[in-house]
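Here are my notes on this model, point by point. Please keep the structure open while reading.

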Amino acid sequence: MKTQFITLFTLLSVSIIFAQDSEVSVDSKSFDFGIRHGYIATALSNENGNNTNQDIYFGLFATKRLSEKFSLQIETNIRQYSVIEIPLLLKYKLTNKFDIY
């Protein structure tokens, strides 16, 4: 059930990104997608003591170029303890190899 929801959400998200164009053209310069995975380690301190958290995550991403400098990226990340994160990022390209999110 969870996998079906994530697949449906990702497909709808990509179609929403494409809905902004009058012409839908998927070429390698204007659209990108892929798989993400990684490891998250956090440490927080407060008056009650320290709280550390370590998770493994995986997910999907889709990026739509809006102009030469701006692009929009949506992600669906699932963490080890069934936490689903859905960030929406606006990217600004400073150089060919450096983006600001």
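1. Start with Ser71. Leaving aside neighbours within four places in sequence, Ser71 is in contact with Thr63, Lys64, Arg65, Leu66, Leu89, Leu90 and Lys91. The model is predicted, so these contacts should be read as computed from a prediction.

2. Ser71 lies in strand E3, which covers residues 70-79. Its relative accessibility is 11%. Ser71 therefore counts as buried, because the cut-off for that class is under 20%.

3. Now the surface. Which residues form a nonpolar patch there? They are Leu66, Phe70, Leu90, Tyr92, Leu94, Phe98 and Ile100. Together they have about 640 Å² of accessible area. Two elements give two or more residues each: strand E5 (88-95) and strand E6 (98-100). E5 gives the most, with three residues.

4. Phe98, a member of the patch, is found in strand E6. Is Phe98 buried or partly exposed? Its relative accessibility is 47%, so Phe98 counts as partly exposed.

5. Asp99 is in strand E6 as well. Its relative accessibility is 29%. That value makes Asp99 partly exposed, because this class runs between 20% and 50%.

6. What does Asp99 touch, not counting residues up to four places away in sequence? The answer is Lys91, Tyr92 and Lys93.

7. One distance to check. Asp99 and Phe70 are 29 residues apart along the chain. Their C-alpha atoms are separated by 9.3 Å.

Technical notes: Residues numbered from 1 in each chain as written. Predicted model: local features only at pLDDT ≥ 70, side-chain atom pairs only at ≥ 80, totals over all residues. Heavy atoms only, no water. Patch = residues over 30% accessible without salt bridge, like charges linked within 9 Å, V, L, I, M, F, W, Y side chains within 5 Å. Areas by Shrake-Rupley, 256 points an atom, 1.4 Å probe, with all protein chains shown as cover. Salt bridge = Lys/Arg side-chain N within 4 Å of Asp/Glu carboxyl O. Helix = DSSP H or I, 4+ residues; strand = E, 2+ residues; numbered from the N terminus. Buried < 20%, exposed > 50% of the residue type's maximum accessible area, 1.4 Å probe, protein only. Contact = heavy atoms within 4.5 Å.
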